[in-house]
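Reader: I am new to this structure and would like to understand the words used for it. Could you take me through them?

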Amino acid sequence: MRFDVISLFPEMVSHAASYGVTGRAIERGLVGLSVWNPRDYTLDKHRTVDDRPYGGGPGMVMKCQPLLDAVDAAKQHNVLVNRKVICLSPQGRLLSQELLLDASCYDQLILVSGRYEGIDERFIQHACDEEWSLGDYVISGGELAALIVIDAVTRLIPGVLGDDESAKQDSHFDGLLDCPHYTRPEHSDIGDVPDVLLGGNHADIKRWRMKQALGRTWSRRPDMLEKVTLSAEQDALLKEFRTEVV
Ligand code: 4FV
């Protein structure tokens, strides 16, 4: 998997991606990352990447040409075919583990990070396969959204996480919130570790963790429960959890 990010702030992207899991994955060559600055593809001496919006209104809009040429450069650089060009914007499809799992099957993701008020619509319609959104709020640039895509997709690449199991343990992986986690010390002024986790009975521990995941999803994100089909055992565990909390 390789990520090619189009951004006016290349260092911001390459720097933030150089830490932790993504940083190690890049070092180990499990994922590739390049950042392309549209300003390097401008044709005027002022290296202009934005201009005033037609129809008036506040702020500036990113011009088509520097973005088109930056995306072409990212494509030329990699003869990979199984790729998608994604524009990160509030008008996009909401990011989800399901969308990111699908994205992790591509060889290349070209992630276009907007700035200013947005990007000339002709570029999006002509050069982008999809628009993706972090959520229903506005941030100052698409870079943070691109970095979240890079981080979340990189975790799904085989061999990136110590044991691929842990990606499966991730919240939302099975459509449920995660169970609570504990580590030493066993006893503290702010509480003790639940006994079941100390008993070494893995079946009991697995059952407790699923019960907690179900209960927390039911109490915090009932919208997610509507999207999953629970097994009979999960149904029973959730009933048990609910009878215990009321
Ligand atoms: C955004 C989001 C987002 C809009 C104008 C950047 C900003 C500025 N991107 N999910 N929400 N982008 O707010 O992805 O260009």
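**Reading the terms**

Author: Gladly! Let us start with Arg-47, which counts as partly exposed at 37% relative accessibility. Please keep in mind that this is a predicted model.

Reader: Why is Arg-47 called partly exposed?

Author: Buried means under 20% relative accessible area, exposed means over 50%, and partly exposed is in between. Arg-47 has 37%, so it counts as partly exposed. You can find Arg-47 in the loop between β2 (32-36) and β3 (50-51).

Reader: Which loop holds Tyr-116, and what is its phi?

Author: Tyr-116 sits in the loop between β6 and β7 (118-119). Its phi is near 60°, a positive value in a residue other than glycine. With 36% relative accessibility, Tyr-116 counts as partly exposed, because that class lies between 20% and 50%.

Reader: What makes the peptide bond from Arg-184 to Pro-185 stand out?

Author: That bond is cis, with omega near 5°. In general, most peptide bonds are trans. Pro-185 lies in the loop between α7 (165-169) and β9 (187-188).

Reader: Is Ser-89 buried or exposed, and how do you know?

Author: Ser-89 has a relative accessible area of 11%. The limit for buried is under 20%, so Ser-89 is buried. Its place is in strand β5 (residues 83-94).

Reader: What does Ser-89 contact, leaving aside its neighbours within four places in sequence?

Author: Ser-89 is in contact with Glu-131, Trp-132 and Ser-133, once neighbours within four places in sequence are left aside. To be called a contact, heavy atoms must be within 4.5 Å.

Reader: And what makes Ser-133 buried?

Author: Ser-133 has a relative accessible area of 2%, and buried means under 20%, so the word applies to Ser-133. Ser-133 is part of strand β8. Apart from neighbours within four places in sequence, its contacts include Ser-89, Pro-90 and Gly-92. The side chain of Ser-133 also reaches the backbone nitrogen of Gly-135 at 3.0 Å.

Reader: Which residues touch the most other members of the largest nonpolar core?

Author: They are Leu-109, Leu-111, Val-149 and Val-153, out of 28 residues in this core. The elements β1 (2-6), β5, α4 (97-103), β6 (108-113) and α6 (143-154) each supply at least two residues. The largest share, 7 residues, comes from α6. As a general point, nonpolar side chains tend to be buried together in soluble globular proteins.

Reader: What does Val-153 touch, not counting residues up to four places away in sequence?

Author: Val-153 touches Met-1, Phe-3, Leu-100, Ala-103, Ser-104 and Leu-109. There is also a second, separate core of 20 residues, which includes Ala-73, Cys-87, Ile-110 and Val-112.

Reader: How many residues surround the ligand, and which are the closest?

Author: The ligand is surrounded by 18 residues, and the closest are Arg-115, Tyr-116, Leu-134, Tyr-137 and Ile-139. By class, this shell has 9 nonpolar, 7 polar and 2 charged residues. β5 gives the most to the shell, with 3 residues.

Technical notes
Residues numbered from 1 in each chain as written. Predicted model: local features only at pLDDT ≥ 70, side-chain atom pairs only at ≥ 80, totals over all residues. Heavy atoms only, no water. Helix = DSSP H or I, 4+ residues; strand = E, 2+ residues; numbered from the N terminus. Buried < 20%, exposed > 50% of the residue type's maximum accessible area, 1.4 Å probe, protein only. Core = buried A, V, L, I, M, F, W, Y, C linked by side-chain atoms within 4.5 Å. Near = heavy atom within 4 Å. Nonpolar A, V, L, I, M, F, W, Y, C, P; charged D, E, K, R; others polar. Polar contact = N/O pair within 3.5 Å; in protein donor to acceptor, adjacent residues only side chain to side chain.
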